[in-house]
Amino acid sequence: RLQEGLASSAMSITQYNGAAMIAMSGKGCVGIAVDRRLGIRNMTKACDFKKVFQVNDKIMVGFSGLATDLQTLEQRLRMRTNMYKLREDREISVDAFGNLVASMQYEKRFGYYFVEPVIAGLKADNTPYLMSSDIIGAQCFKDDFVVAGDTAETLFGMCESVYRPDLVPEELFEVLSQCLLSGVDRDCLAGWGATVYIMTPEGVQETNLKGRMD
């Protein structure tokens, strides 16, 4: 029984550093909200860890999971997108970028990147694009919101309660902020401040939020 209890309480490697992330669509805009904590299980190491990266004017990508794999995959994706831009003489589209991320993860299916990417962007006609994938690149496309991290169950419930279609950027910021801060209050492995990114055709607005520090 002791061995069964230890096995059931074992932590997933994707929860080792802790994370909470929401991507949500609005009317001609998308947003990502993410916590700022970097931890080693229950020990907090930093409160300013970057988990969301802007690829170009139309694409943002966030990663939850193992911090070292997160940084490795981000650097390799940046190299691949730069090579695409040099070869094609144009910026990569959000659809192509989603397929690139999934294919790079599937390449490592026998030795995973322990990360779960979340991609938010705008298509050529400025309609929202949301995609998430698991550690081997199985894609999940949504029209409303996607969640990731070890707080996913709580975040999903919050988003289902307060989300509504066609949110303008100011409303989208408010909904993302409330969902993330309420969700991480129920998880000791995520939180300690948050950052919200709102992408519109005019640009990306980044806002840091204060959260509980306990």
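Me: How much space lies in the second largest pocket?

Reply: This is a predicted model, and in it about 160 Å³ of space lies in the second largest pocket. Of the 13 residues that line this pocket, the closest to its centre are V55, L77, R78, T81 and N82.

Me: Which elements give two or more residues to that lining?

Reply: They are strand β5, covering 52–56, and helix α2. With six residues, α2 gives the most to the lining of the second largest pocket.

Me: And what's the lining like by class?

Reply: The lining of the second largest pocket has six nonpolar residues, along with three polar and four charged ones.

Me: Let's stay with β5 for a moment. Is F53 buried or exposed?

Reply: F53, which has its place in strand β5, counts as buried because its relative accessibility is 11%, and the cut-off for buried is under 20%.

Me: What does F53 touch?

Reply: Leaving aside residues up to four places away in sequence, F53 touches I59, M60, V61, F63, L70, E74 and R78. One of these contacts, E74, is 21 residues from F53 in sequence, and the two are 8.0 Å apart in space, C-alpha to C-alpha. R78, another residue that F53 touches, is also among the residues closest to the centre of the second largest pocket.

Me: Switching to cavities, how many of 30 Å³ or more are there?

Reply: The count comes to one cavity of 30 Å³ or more, and the largest cavity has a volume of about 30 Å³.

Me: What lines the largest cavity?

Reply: The lining of the largest cavity is made up of N17, G18, A19, L38, F49, K51, F63, S64, G65, A67 and L70. Both β6 and α2 supply at least two residues each, and the largest share, three residues, comes from β6. By class, the lining of the largest cavity has six nonpolar, four polar and one charged residues. F63 and L70, which are in this lining, are also touched by F53.

Me: Which residues does R90 touch?

Reply: Not counting residues up to four places away in sequence, R90 touches Y84 and K85. The side chains of R90 and Y84 are also joined by a polar contact of 3.0 Å. As for F114, R90 is 24 residues from it in sequence and 30 Å from it in space, C-alpha to C-alpha.

Me: Next is α3, how far does that helix reach?

Reply: Helix α3 has 14 residues and reaches 20 Å from its first C-alpha to its last, which is close to the 20 Å expected at 1.5 Å a residue.

Me: Which of the α3 residues are buried, and what covers them?

Reply: The buried residues of α3 are V94, F97, G98, L100, V101, A102, M104 and Q105. What covers them includes helix α2 and the strands β5, β6, β7, β8 and β9.

Me: What does the side chain of S25 reach?

Reply: The side chain of S25 reaches the backbone oxygen of D143 at 2.6 Å. Leaving out residues up to four places away in sequence, S25 touches V30, P128, L130, D143, D144, Y163 and L172.

Me: There's another serine I noticed, so where is S177?

Reply: The place of S177 is in helix α5, residues 169–184. S177 is buried, with a relative accessible area of 5%, and S177 touches V196 and L209 when residues up to four places away in sequence are not counted.

Me: And D185, where does that one lie?

Reply: D185 lies in the loop between α5 and β11, and at 42% relative accessibility D185 counts as partly exposed. G65 is one of the residues that line the largest cavity.

Methods. Residues are numbered from 1 along each chain as its sequence is written. This is a predicted model: local features need pLDDT of at least 70, side-chain atom pairs count only at pLDDT 80 or more; totals for chains, interfaces and linings use all residues. Side-chain values use heavy atoms; hydrogens and water are left out. Contact means heavy atoms within 4.5 Å. A polar contact is a pair of N or O atoms within 3.5 Å; within protein, one must be able to donate a hydrogen and the other to accept it, and residues adjacent in sequence count only if both atoms are side-chain atoms. On a 1 Å grid over the protein atoms alone, a cavity is a set of points where a 1.4 Å probe fits but cannot get out, and a pocket is an open set with protein on both sides within 12 Å along at least five of seven lines; lining residues have an atom within 4 Å of a point. Grid points are joined across faces, edges and corners, and a volume is the space filled by probe spheres set on the points. Helices (H or I, at least four residues) and strands (E, at least two) are DSSP runs, numbered from the N terminus. Ala, Val, Leu, Ile, Met, Phe, Trp, Tyr, Cys and Pro count as nonpolar, Asp, Glu, Lys and Arg as charged, and the others, Gly among them, as polar. Buried means under 20% relative accessible area, exposed over 50%, partly exposed in between (1.4 Å probe, protein chains only). The expected span of a helix is 1.5 Å times one less than its number of residues.
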